[in-house]
Amino acid sequence: MSKELRFSKETFFYLAERAGLDIENPHMEELYTYVKIILPRLKGFDESNIFNENTDDGRFYAYAKRILPKLKPLDELDLDGVELAVTFKPSRSQEDE
Amino acid sequence: MNSTDLCYLTAGQLSRLIQQKEVSPIEIIEAHLERISALDPKLNSFITVLSDQAIDAARNAEEEIQRGKYRGALHGIPVGLKDLFAVKGVRNSSGCKLFDTHVADRDCAIATRLRNAGAIIVGKTNTNPLAYGPTSDTGEYDYGHMRNPWNPDFISGGSSGGSGSAAAAGQCTLTIGSDTGGSVRIPSALCGLVGLKPTYGRVSRYGFTPLSWSLDHAGPLTRSTEDCALVMNAIAGYDPKDPASADVQVPDYTKALTGDIRGVQIGLPKEYLEVPLDSQIYQSIQEAISVLSDLGATITEVSLPLYTYCETISGIILMAEAAACHKDLARINGAKLHWPLRLRLESGLFLPAVDYIQAQQARTLFTHQSLDLLKEVDLLLSPTVPITASLIGEIDLQVGATKMGVIAAHTQYNAAYNLNGFPAITVPCGFSKQGLPIGLQLAGRPFDESRVLQVAHAYEQTTDWHNRRPSM
């Protein structure tokens with residue numbers, strides 16, 4: 001599978017500004033690189049067509065690879081009607097039963 | 001008994017000597033403070049050492065005990081708290097230089113409960129910044145690398161790495177860590193300790209710096225299963241100050257340490273052996289299975305198919321919750337944070353809400369599947385970490401036949417139990433040819449820490465891995 005996440009720089013800067021980040025900061029270029037790697041990985045996309053380790057972005061590429069391995073996309077699961085997780089927390093009365 | 005021997009006694013052993021008045025809390029605390037001074041330049045286990053406060057507390061403990069007011073097995077015992085558990089009047093950096101001058105104005109729930117049990121806090125242990133990460137792979141951290149007592153060229157694990165090295169090196173009798181994706185169990189396994197991540201809601205998190213509300217847990221790192229049980233007796237229980245705290249009765253955990261595990265059913269999910277695994281770890285796990293079988297437990301292969309989605313689920317939830325938790329920190333002081341931490345926090349701001357919701361739905365499925373499986377068996381067994389400790393600065397690892405990133409390798413077997421919130425313990429089960437420790441993980445039903453401790457203890461008593469000491 002080789003899907004590409006469409007995430008333009010304009011979209012990124014729009015969302016960054018809404019999140020309260022300083023979009024004039026040069027760091028935003030690093031963050032954009034990183035986000036473009038991380039988000040596809042979380043969806044199980046192959047990001048190899050977006051970056052490679054020989055680019056100037058290699059540091060962030062390498063770091064992002066280490067943060068998340070190849071992941072199985074949740075889209076594969078049938079989540080229709082599944083409730084949001086509530087961590088197991090019985091009341092005392094449930095426990096007594 | 002020399003000072004080093006004293007520092008390697010467990011809380012259970014020390015408490016018996018204290019009760020018999022063969023050793024005093026002052027002797028114990030002084031010996032440990034000396035050991036911290038001697039070893040910390042090499043290990044970097046501590047961010048703050050509380051020498052004066054600890055000596056004062058030891059004097060009080062001695063006086064109380066002399067007066068006949070003995071508080072129990074932790075009275076006079078030196079403990080270390082990861083430096084994101086607040087202790088009143090003491091710096092609480094959360095591993096970030098940015099908070100180097102932040103002094104807590106109250107005790108966290110665990111500090112209060114440990115003090116009530118008579119334990120003496122000797123220091124705050126080193127951690128990855130905000131506890132976000134299990135390794136030392138991205139350059140020097142704000143308070144330096146945490147080094148493994150078995151070989152200081154190797155990591156002690158993380159994020160509770162200082163807690164791991166301090167307990168393993170005898171700088172404290174026991175320590176407390178937080179565990180969001182394995183941060184109690186990973187350093188415990190890599191340092192040759194017993195580490196317990198209790199059930200979600202079992203131990204209050206009030207007063208500790210959060211990272212991910214629905215994944216964060218707190219638990220002990222010790223040199224014996226008995227000590228784990230003793231700490232749990234002190235720190236477990238309902239606390240209205242933690243919204244996730246569960247009002248569930250707390251047993252006396254030491255009563256589970258019978259040594260008898262005949263008839264216990266243990267499952268080994270086949271999916272755990274289909275992921276990258278070092279051959280030495282595999283061999284140690286097989287030997288551990290053999291020991292458990294000889295003790296009367298039945299070990300069977302089971303299946304937990306949704307385990308293969310756990311990295312995705314936990315990755316999304318952690319990313320979203322950490323960003324929500326610390327967005328103001330990233331926005332206002334991002335430039336002052338360790339650069340990987342900054343990227344990880346900020347990137348969570350771009351995660352679609354739908355992804356987070358899907359992850360929580362998938363988590364529900366995984367939790368139900370886990371509960372169903374634990375109707376068939378009492379416990380699930382796995383390696384704690386698929387490799388031994390990696391070299392400081394190492395980025396890509398060879399795990400079995402697979403080359404993988406250091407973080408993914410370390411968290412492989414841990415995140416599942418942060419997702420379902422079930423109790424999981426690691427107990428030493430061997431050493432590699434390089435002399436580095438290997439851990440066996442056992443996970444049980446919600447709020448059944450007793451069963452987890454029971455089996456871990458029986459295994460421990462049949463082997464001698466936990467009795468080995470690093471040659472510092």
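**Entry 1: the interface**

How many salt bridges does the rule find across the interface of chain A and chain B? I looked and the rule finds zero salt bridges there. For my notes, a salt bridge is a side-chain nitrogen of Lys or Arg within 4 Å of a carboxyl oxygen of Asp or Glu.

Before going on, I wrote down the ground rules: this is a predicted model, where local features need pLDDT of at least 70, side-chain atom pairs count only at pLDDT 80 or more, and totals for chains, interfaces and linings use all residues. Residues are numbered from 1 along each chain as its sequence is written, chains are lettered from A and ligands numbered from 1 in the order in which they are written, and side-chain values use heavy atoms, leaving out hydrogens and water.

Back to the interface, I looked up polar contacts and found eight residue pairs across it, both partners at pLDDT 80 or more. A polar contact is a pair of N or O atoms within 3.5 Å; within protein, one must be able to donate a hydrogen and the other to accept it, and residues adjacent in sequence count only if both atoms are side-chain atoms. On the side of chain A that touches chain B, the elements giving two or more residues are α1 (9–18), α2 (27–42), α3 (58–67) and α4 (92–96) of chain A. The largest share, eight residues, comes from α2(A). By class, I noted 27 nonpolar, five polar and 12 charged residues on this side of chain A. Here Ala, Val, Leu, Ile, Met, Phe, Trp, Tyr, Cys and Pro count as nonpolar, Asp, Glu, Lys and Arg as charged, and the others, Gly among them, as polar.

I also checked contacts, meaning heavy atoms within 4.5 Å: 44 residues of chain A are in contact with 52 residues of chain B. The buried area between the two chains is about 4300 Å², and carbon and sulfur atoms give 69% of it. That area is the accessible area (1.4 Å probe) that two parts lose on being put together, summed over both.

**Entry 2: chain A by itself**

I counted four helices and zero strands in chain A. Helices (H or I, at least four residues) and strands (E, at least two) are DSSP runs, numbered from the N terminus. Of the 97 residues of chain A, 43% count as buried. Buried means under 20% relative accessible area, exposed over 50%, and partly exposed in between (1.4 Å probe, protein chains only).

**Entry 3: helix α15 of chain B**

Next I picked α15(B), residues 449–462. Its 14 residues reach 20 Å from first C-alpha to last, close to the 20 Å expected at 1.5 Å a residue. The expected span is 1.5 Å times one less than the number of residues.

B:Glu449 forms a salt bridge with B:Arg202, with the closest N and O atoms 3.3 Å apart. B:Arg202 lies in the loop between β7 (194–197) and β8 (217–222) of chain B and B:Glu449 in helix α15 of chain B, so the pair ties together parts that are 247 residues apart in sequence. Both partners are buried: B:Arg202 has a relative accessible area of 2%, and B:Glu449 has 0%.

**Entry 4: helix α4 of chain B**

α4(B), residues 51–66, has 16 residues and reaches 22 Å, close to the 22 Å expected. Its buried residues include B:Ala54, B:Ile55 and B:Glu64. What covers the buried residues includes α2 (11–19), α3 (25–43) and β3 (120–125) of chain B. Just after the helix, B:Gly68 takes a positive phi of about 90 degrees.

B:Glu64 forms a salt bridge with B:Lys69, closest N and O atoms 3.9 Å apart. B:Glu64 is buried at 13% relative accessibility, whereas B:Lys69 is partly exposed at 42%. These two and B:Arg71 are linked in a network of salt bridges.

Most residues other than glycine have a negative phi, and most peptide bonds are trans. Where is the cis peptide bond I noted? It runs from B:Gly158 to B:Ser159, with omega near 5 degrees. B:Ala131 is not a glycine, yet has a positive phi of about 65 degrees; this residue is buried, at 7% relative accessibility.
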